[in-house]
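Let's take a walk through this protein together, one piece at a time. Have the sequence and the 3D view handy as you read.

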Amino acid sequence: MSNEGEAALSESVVSTRCCIAGGGPAGMMLGFLLARAGVDVVVLEKHADFLRDFRGDTIHPSTLNLMKELGFLDEFLQLPHQKAFELEGWFGDTRAIIADFSRLPAPCNYIALMPQWDFLSFLATKGAAFKTFRLLMRTEAKSLIEEAGKIVGVEARGPDGPLAIRADLTVAADGRHSTLRDAAGLKVIDLGAPMDVLWFRIPREDGDGAEIAGHFDAGSIFIRINRGDYWQCGYVIAKGSLEALQARGLDAFKTNVARLMRIPIARLANIASFDDVKLLSVAVDRLEKWRRPGFLAIGDAAHAMSPIGGVGINLAVQDAVAAANQLAAPLLARSVGDDDLAAVERRRLFPARATQWAQVMAQNNIVVRALSQTTPLKPPLAFRLIGRFAFLRRLMARLVGLGVRPEHVRTGQG
């Protein structure tokens, strides 16, 4: 993915109102919204394309609602996707629906399972329609430019060599391993994660069902996500236990997966070695402070989320919308101050903290218990209550699908 903005790479210095490091969901959404409002913006993406496997692919109702507000929903849903109207949970042999999205306001009353590269390419195409949008692929932010205590841009490297990008505002949207948040010297609060996740694919067959499902059993947690002709599967392990799992052998791993999915082991023939299994190292953390003069962190760079609930993409998008709502006008006026950046942090800190609190509670009370259990696992009281009462399934759908303090687009088209 590229556009005519890549021509700027032939220059040693580029000037812009806002430089965004990272072409993920937060960076692309913020770049598009600012450009749509008339703000000159440069987005840096270090890769040559968006094709990364096993990235978060769950587009929740909160994000679908934003597409609807922008007038893009019908076009957006022309992209390949599957719809999940329910989340299904298993504790041992006990099954329950734990979230019913169909009760949310239509038409955005489901989770759209869509490859993230399609989502990002869609936003890139929409952004490229505006002259104020420049997307520089194969361009990685390496460090910050600081003058008199203020961040005034980034030093980057593109396909033609070093590049300095001078900006009124620099935004770190470069993920949980953010180079720029480290360069800014911002303190990270580590909330801890007792697990990692192994991601892989299993061919899907008729009769498998369609809904997203989580299976909890003694010593094991397994997630399956319908991707059309295959299941995207997550096998949860205790943090740091990958070597021990590999030492037990591939056959033992496949046998347990087949047991949890209730399918013959022959269905796992595509997993020929552990090279077909990708490790996601889970982290749950957030910045103590998201900003410095001339600098703001959003998305995973500000708050790395657990995969529990699949909310990471959607929180990042919500951050981008809040940032655009607050910052478009001062960026146009070249008057962005610390009060503006603080307003974004204040608005998005509570949703991040509340979501992480819920994730840590689930980690400590469900994940750790399941992974450490050696006897048959009994469903917890909360699981039994959600399975029994429809209003609790609707509440879970709102919390997972819409989140805490969902944002709405308040920037116009410049």
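We can begin with a pair of strands: β5 and strand β14 (residues 212-217) pair in the parallel sense, over 5 bridges. Strands here are DSSP runs of E at least two residues long, helices are runs of H or I of at least four residues, and both are numbered from the N terminus. Two strands count as paired if DSSP finds at least two bridges between them. Within this pairing, Glu 88 has Ala 213 in β14 as its bridge partner.

Before going further, a word on what you are looking at: this is a predicted model, where local features need pLDDT of at least 70 and side-chain atom pairs count only at pLDDT 80 or more, while totals for chains, interfaces and linings use all residues. Residues are numbered from 1 along each chain as its sequence is written, and side-chain values use heavy atoms, with hydrogens and water left out.

Back to β5, which has another partner to show you. Strand β6 (residues 94-100) runs antiparallel to β5, and 6 bridges join the two. Look for Trp 90, which stands opposite Arg 95 in β6. β5 and β6 form a hairpin with 2 residues between them, and Gly 92 in the turn has a positive phi of about 60°. Buried means under 20% relative accessible area, exposed means over 50%, and partly exposed is in between (1.4 Å probe, protein chains only).

What holds paired strands together? Strands of a sheet pair through backbone hydrogen bonds, either parallel or antiparallel.

Next, find an open sheet of 3 strands in the order β3-β7-β4, with antiparallel pairing. Its edge strands are β3 (58-59) and β4 (82-84), each pairing on one side only. Between β4 and strand β7 (residues 111-113) there are 3 bridges, and the two run antiparallel. Here Lys 83 has Ala 112 in β7 as its bridge partner.

Another open sheet is also made of 3 strands with antiparallel pairing, in the order β12-β18-β21. The edge strands of this one are β12 (188-190) and β21 (303-304), and each pairs on one side only. Strand β18 (residues 285-287) and β21 run antiparallel and are joined by 2 bridges. Arg 286 has His 303 in β21 as its bridge partner. Helix α9 (residues 338-372) packs on this sheet and touches β18 and β21, with its direction making about 160° with that of β18. That angle is between N-to-C directions, on a scale from 0 to 180 degrees, and the axes are lines fitted to C-alpha atoms, for helices over the stretch in contact.

Now for some single residues. Ser 220 sits in strand β15 (residues 220-226) and is buried, with a relative accessible area of 3%. Its side chain makes a polar contact with the side chain of Asn 256 (2.8 Å). A polar contact is a pair of N or O atoms within 3.5 Å; within protein, one must be able to donate a hydrogen and the other to accept it, and residues adjacent in sequence count only if both atoms are side-chain atoms. Leaving aside neighbours within four places in sequence, Ser 220 is in contact with residues including His 215, Tyr 235 and Ala 370. Contact means heavy atoms within 4.5 Å.

Asp 196, in strand β13 (residues 195-203), counts as buried at 6% relative accessibility. A polar contact of 2.5 Å joins the side chains of Asp 196 and Lys 239. Not counting residues up to four places away in sequence, Asp 196 also touches several others, among them Tyr 235, Gly 240 and Leu 279.

Is Gly 240 buried or exposed? At 69% relative accessibility, Gly 240 counts as exposed, and you will find it in the loop between β16 (230-238) and α6 (242-247).

Finally, zoom out. The protein chain has 11 helices and 21 strands. Along its principal axes, the C-alpha trace spans about 60 × 45 × 40 Å. Buried residues make up 56% of the 414 residues in the chain.
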